[in-house]
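Biologist: I have a model open on my screen and would like to learn how to read it. Could you walk me through a few features?

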Amino acid sequence: MTAPLNLKKTARRGTQEMPPRRFCSGANLETCIPDHESSRRRFLRMTMAGTVAGIVTAAGMEFTEPHPVMAQSKLSPDAALQELMDGNARFISGRSNAHEQDVLILKQHTLDKQEPYAAVLACADSRVPVEMVFDQTIGHLFVSRVAGNVVTPEIIASLEYGAAVLGTKVILVIGHANCGAVKATIQAKEVPGQISALFPHIQPAVDQAGPNLEAATKANAKIQAALLREASTVIAGLVKDKKLRVVAGYYDLASGTASLLE
Ligand SMILES: [Zn+2]
């Protein structure tokens with residue numbers, strides 16, 4: 001309960017009060033970014049560089065009232081993927097810092113619009129909280145979640161919107177250890193309601209990899225990623241132009257490690 005409540009407070013403060021003016025040296029952004037990690041600092045510097053450089057006076061000092069220069073605008077697909085994996089490395093090592101930057105990001109970048117740098121298609125499983133696993137905060141990730149991380153027309157539509165309109169540079173399709181949806185597909189037992197609607201999407205992976213849960217889950221992530229590359233002309237076009245990468249990954253619940261499968 002604590003985190004969501006704090007988040008709401010933060011958002012409310014950001015919209016109702018004037019943000020405090022921050023005096024910064026244009027040559028030393030670290031003095032105005034509450035940040036303790038080099039990769040994150042580099043990322044924010046890239047984000048803010050254009051804004052700050054434009055308002056530095058002859059005296060070299062000026063307050064920053066940044067325009068919403070967007071997080072992903074300068075990232076290549078490779079750099080976007082690296083940013084994501086760097087976040088997972090921070091998460092694994094217990095050095096997550098995204099929560100420290102919510103206020104800054106909210107005020108400067110996401111009140112009016114969003115430009116997330118990466119999209120993630122993940123399972124609905126409660127043990128795969130995407131932003132937490134990749135140590136990302138508000139406005140960074142465009143996340144679609146559905147049991148079994150399967151590609152459906154609605155998921156394609158969402159990810160096309162993320163890539164073509166919002167400008168995500170990478171789409172990560174990530175399966176995870178002990179996935180109930182893949183397990184249920186392997187078992188092929190009677191299930192209530194419409195749960196079995198998931199099975200046809202996952203069955204090709206079971207056919208390919210056999211009944212081993214981890215193998216089938218990894219195969220499923222790769223198959224769904226390939227589907228995105230092929231079934232969507234929008235995504236295929238962006239991939240062809242090297243403006244977007246679509247990659248598959250696997251999240252290990254025990255270690256917290258997200259690894260790429262290609
Ligand atoms: Zn799952």
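Biologist: Which exposed residues sit on the face of helix 8 turned away from its buried side?

Modeller: On that face helix 8 carries P200 and D207, both exposed. A residue is called buried if 20 or more other C-beta atoms lie within 10 Å of its own, exposed if 12 or fewer, and partly exposed in between, with C-beta atoms placed from the backbone. Helices (H or I, at least four residues) and strands (E, at least two) are DSSP runs, numbered from the N terminus. Keep in mind that this is a predicted model, where local features need pLDDT of at least 70 and side-chain atom pairs count only at pLDDT 80 or more, while totals for chains, interfaces and linings use all residues. Residues are numbered from 1 along each chain as its sequence is written.

Biologist: Which residues of helix 8 are buried?

Modeller: Start with the general idea: an α-helix has 3.6 residues a turn, so residues three or four places apart point the same way. In helix 8 (residues 199-209), the buried ones are H201, I202, A205, V206 and A209. They lie on the same side of helix 8 because they cover an arc of only 130 degrees around the axis, the arc being that of the directions from the helix axis to the C-beta atoms.

Biologist: What do the buried residues of helix 8 pack against?

Modeller: Their partners are helix 7 (180-187) and helix 9. Contact here requires the C-beta atoms of two residues, placed from the backbone, to lie within 7 Å. Just after helix 8 comes G210, with a positive phi of about 85 degrees.

Biologist: Now the sheet, please. What is the order of its strands?

Modeller: For strands, pairing means that DSSP finds at least two bridges between them. Here, 5 strands form an open sheet in the order 4-3-5-6-7, with mixed pairing. Strand 4 (141-145) and strand 7 (258-260) are the edge strands, each pairing on one side only.

Biologist: How many bridges join strand 3 to strand 5?

Modeller: There are 5 bridges, and the two strands run parallel; L121 stands opposite V173 in strand 5. Strand 3 (residues 118-122) also pairs with strand 4 in the parallel sense, over 5 bridges. Across that pairing, V120 stands opposite V143, and A122 has R145 as its bridge partner.

Biologist: Why is strand 3 described as largely enclosed?

Modeller: Because 5 of the 5 residues of strand 3 are buried, the rest of the structure largely encloses this strand. A118, V120 and A122 point one way from strand 3, whereas A119 and L121 point the other way.

Biologist: Which residues touch the most other members of the largest nonpolar core?

Modeller: A nonpolar core is a set of buried Ala, Val, Leu, Ile, Met, Phe, Trp, Tyr and Cys residues joined through C-beta atoms within 7 Å. The largest one has 52 residues, and A118, V120, I171, V173, I174 and L228 touch the most other members. Helix 9 (residues 213-231) gives the most to this core, with 7 residues. Leaving aside neighbours within four places in sequence, the contacts of I174 include V120, A122 and A221.

Biologist: Is L238 buried or exposed?

Modeller: L238 is buried, because 23 other C-beta atoms lie within 10 Å. This residue is found in helix 10 (residues 233-240). Leaving aside neighbours within four places in sequence, L238 is in contact with A163, K243 and L244.
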